[in-house]
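Me: I have a structure open and would like to go through it piece by piece. Can we start with the rings and then move to helices and strands?

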Amino acid sequence: MITSDVLRALVMDRARVALAVDPVCRFGRVVRSQGEVLAAAGLRAPIGSRCVIEAEGGAPVDGEVVGFEAGALLVMPEQGMRGIARGALVHVAARAPAPLMGPGLLGRVLDARGRALDGGPAPDVSEPWPLLGRPVNPMRRGRIVDLFDCGVSAVNALAVLGRGMRVGLFAGSGVGKTSLLGMMARHAAADVVVLGLIGERGREVREFIEDHLGLARKRSVVIASPADDTALARLHGAYRAAAVAEYFRAQGRHVLLVVDSLTRLAMALREIGLAAGEPAAARGYPASVFAALAAYVERAGNGVPGEGSITALYTVLVEGDDHVADPVADAARAVLDGHIVLSRALAEAGLYPPVDIAASLSRPMPGLVDAAHLQLSTKFRALWARRAEKQDFIDLGAYAPGRDALLDEALRRAPAMEALIRQEATVRVAYPAARAALAAAMGEP
């Protein structure tokens, strides 16, 4: 049993980091709890400050100031409320956390607090980087002018991505989102891959790394915060993944940041906002959630001259395949540079990856490819959309060839068009090969 004196000594030890800034070590006490939030009286600190909370029978608990009320700070413990008693000591340890970074992160799997999950020693890191990132002057940020080869045929041919682009992957559950993420993480032309597995099932962490990441693990950093983590831990996991990507971008590297999923991040923000007393809005999401999502997405992109880039892929879990009424999906489309939509109908038909060509879009694509490629892509989309529009008539046998020239051409080219999209997960299709396949599919049979 850890005594009260030992607990206070542990809290004081964690507080020494802050003494260089504030030589006076100030303590408050827990006076109330409500849900996942504690009220700590006797302290003054800005929102976002890191706290250390005394816990009975164990080590002190880290927390964060998420709000305030008359006479008290609202503190959310990072590892839950267990072991925290009324009257427990609370100390504000730092104004803003800054996790340590370094090349030693490559090839490692860490949790939201930076601790190793892969059985290895603590990462060899020494350079601090703000958890909330460093703002980039928009007038100095590089434009999206270079093509990003993701290794996926359908995307390279029909929704070409640019280096420094922020892309949303919209899909319902069980459509093939994880497989496509693995393909892009493994095949993408990136120096570093940063994976933020936020709020997903715990068993999927190991499965994704072993079954989908493959040889790309050596140049990857995985930050895992599964569904059984607290809302604050899931939030910090997403922020840590973005901070790691920003660090390597500052080193001149071209980074692929994969966050799975943006929806789970929004849910964590909702839990924190509601616990802090914010009023609920669309589907229970406080208004601050959508501002936080926009700020999070803005951390990706190209850096200033001399830096690298962060090409980001954020998955958005669409409930019930409703791509219109979901507020997170709607907000994500407004702040992203493009979106890739997966179709359940195509997945049920056995077409993988089931990319819905008509619904997917890359806004920077016209400035990344030549006019001929753009023309071929437009023609492919027109044929694909016409066939999808008339598919019910075709299945019923109600369509007679010769009535619609565009539909006749779509039916004639259908096998070649489907072959362009169909791709084995272990096969990489580079941009030149995807463009050639598009030209062949749109050429005369």
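Predicted model: local features only at pLDDT ≥ 70, side-chain atom pairs only at ≥ 80, totals over all residues.

**Rings, a helix and a barrel**

Me: Which residues does the ring cluster link?
Reply: W129, Y247 and F248 are linked into a cluster by ring pairs.

Me: Back to Y285. What sits over its ring?
Reply: The charged end of R270 does, 4.3 Å from the ring centre. R333 lies over the face of F170, with 4.5 Å to the ring centre.

Me: New topic, helix α4. Which of its residues are buried?
Reply: Helix α4 covers residues 203-213, and its buried residues are E204, V205, F208, I209, H212 and L213. Viewed down the axis of α4, these buried residues fall within an arc of 130°, so they line one face of the helix.

Me: What is on the face turned away from the buried side?
Reply: That face of α4 carries R206 and D211, which are exposed.

Me: What covers the buried residues of α4?
Reply: The cover includes β8 (109-111), α3 (177-187), β13 (192-198) and β14 (220-225).

Me: What comes just after α4?
Reply: G214, with a positive phi of about 60°.

Me: Now the strands. In what order do the six strands close into a barrel?
Reply: The order is β1-β2-β5-β4-β3-β6, with antiparallel pairing. From one strand to the next the twist averages 45°.

Me: How many bridges join β1 to β6?
Reply: Three bridges join β1 (residues 27-34) to β6 (residues 89-94), and the two strands run antiparallel. F27 stands opposite H91 in β6.

Me: Last one. Which strands does helix α5 lie across?
Reply: Helix α5 (residues 231-250) lies across β3 (50-53), β4 (61-69) and β5 (72-77). The helix α5 runs at about 100° to β4.

How values were computed:
Residues numbered from 1 in each chain as written. Heavy atoms only, no water. Phe/Tyr/Trp six-rings, centres within 6.5 Å; stacked < 30°, edge-to-face > 60°. Lys NZ or Arg CZ within 6 Å of the ring centre and 35° of its normal. Buried < 20%, exposed > 50% of the residue type's maximum accessible area, 1.4 Å probe, protein only. Helix = DSSP H or I, 4+ residues; strand = E, 2+ residues; numbered from the N terminus. Arc of directions from axis to C-beta. Contact = heavy atoms within 4.5 Å. Pairing = 2+ DSSP bridges. Axes fitted to C-alpha atoms, helices over the stretch in contact; angles between N-to-C directions.
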